Amino acid sequence: MAVSCSSFRGDAPKVLENQMFFKPADVITDLHNGYYIAQDNGGCFGVKSEVQDTMLAFRYDVIEPLWTKDNDAFRLAAQYNGRWGVVSITGEEILPFRYDHIWIPEDHEVIVVGANGKFGMYDYQGHVLLPELYGAIYPCFDYDDGQELDKRFLLVEDYDGRGGVADYEGNIIVPVVCTKIACAEGYWFTLQYEDNRYEAYLLDGRRVSIDEVDGRRYVAE
């Protein structure tokens, strides 16, 4: 399948350094809700409140905020003993610490996780959007030219290298049976795996039949 994948890590958060009222924690990320990610002298990360109370114990290797559309972060992707999970700022476990990878797509309140070669997707509350059954979940890029096909969608892949398209709500738009996927003029153009048959889908998932491949005439089914 002709797609590529970005790193399974979100962009690094903005860090505010040397806030005196949080010493000895010497690196702080403002979560914009009265809480801060801080680092102690031993290099471990945790969360403190504006009144200096420790909300999340200083024991994590890395903490990445899960930013909401309101630019707050009440849940965090964290790494503990080399494994990733998701916790609230008060320590409630949202997703267990068993993942090899976590990817936080920009502008979407979802979490893509990977463990033992199996990938899935959850919302910030820990609800399953895509089960952990996929060989890969990618941002929607075309491998051949490096262009983003559509920010509203993800490319998903099975263990045989066949791909399909999902949205960020977890709906499968194009079945995971394709060897090639392209997006143009409001359609997904696909090449089916089994018999080299071309098919096309509207962006909402409705399949259309191809009357003339070269002339690009389509009839909604």
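Trainee: Let's start with Cys178. Is Cys178 buried or exposed?

Mentor: Cys178 is buried, at 0% relative accessibility. The cut-offs: buried is under 20% relative accessible area, exposed is over 50%, and partly exposed is in between, using a 1.4 Å probe and protein chains only.

Trainee: And what about Cys44, how accessible is that one?

Mentor: Cys44 comes out at 26% relative accessibility, which makes it partly exposed.

Trainee: How many disulfides turn up in the whole structure?

Mentor: Zero, from a search of the whole structure. The test is a pair of cysteine sulfur atoms within 2.5 Å.

Trainee: Before I go on, what kind of model is this?

Mentor: It's a predicted one: local features need pLDDT of at least 70, side-chain atom pairs count only at pLDDT 80 or more, and totals for chains, interfaces and linings use all residues. Numbering starts from 1 along each chain as its sequence is written, and side-chain values use heavy atoms, with hydrogens and water left out.

Trainee: Good. How many helices and strands are there in the protein?

Mentor: Zero helices and 21 strands. Those are DSSP runs numbered from the N terminus: H or I with at least four residues for helices, E with at least two for strands.

Trainee: How much of the protein is buried?

Mentor: 46% of its 221 residues.

Trainee: Then pick a strand. How many residues of S3 are buried?

Mentor: Five of the five in S3, residues 35–39, so the rest of the structure largely encloses that strand. Tyr35, Ile37 and Gln39 point one way, Tyr36 and Ala38 point the other, and all are buried.

Trainee: Which strand does S3 pair with?

Mentor: S4, residues 45–49, in the antiparallel sense over five bridges. Pairing here takes at least two DSSP bridges between the strands.

Trainee: What happens in the hairpin between the strands?

Mentor: Five residues sit between S3 and S4, and Gly43 takes a positive phi near 90° there.

Trainee: New topic, sheets. What's the order in the open sheet of four strands?

Mentor: S10-S11-S12-S13, with antiparallel pairing. S10 and S13 are the edge strands, each pairing on one side only. From one strand to the next, the twist averages 15°. That angle is between N-to-C directions, on a scale from 0 to 180 degrees, with axes as lines fitted to C-alpha atoms (for helices, over the stretch in contact).

Trainee: How many bridges join S11 to S12?

Mentor: Six, between residues 110–115 of S11 and residues 118–123 of S12. Within that pair, Gly114 has Phe119 in S12 as its bridge partner.

Trainee: Charges next. How many salt bridges does the structure hold?

Mentor: Five. Each needs a side-chain nitrogen of Lys or Arg within 4 Å of a carboxyl oxygen of Asp or Glu. One of them joins the side chains of Arg83 and Asp100, at 2.1 Å from N to O. Arg83 is in strand S8 (83–88) and Asp100 is in the loop between S9 (93–99) and S10 (101–103), so the pair ties together parts 17 residues apart in sequence.

Trainee: What does Arg98 bridge to?

Mentor: Glu132, with the closest N and O atoms 3.0 Å apart. Arg98 in strand S9 and Glu132 in strand S13 (residues 128–134) are 34 residues apart, and the pair links distant parts of the chain. Arg98 is partly exposed at 38% relative accessible area, while Glu132 is buried at 16%.

Trainee: Which residues are linked in a network of salt bridges?

Mentor: Asp158, Asp160 and Arg162. The Arg162 and Asp158 side chains meet at 2.9 Å, N to O. Arg162 counts as buried at 18% relative accessibility, and Asp158 is buried at 16%.

Trainee: Last one. What does the side chain of Arg75 reach?

Mentor: The backbone oxygen of Tyr124, at 3.1 Å. Arg75 and Tyr124 are 49 residues apart in sequence, with their C-alpha atoms 7.1 Å apart. Arg75 itself is in strand S7, residues 75–80, and is partly exposed at 27% relative accessible area.

Note on methods. Polar contact = N/O pair within 3.5 Å; in protein donor to acceptor, adjacent residues only side chain to side chain.
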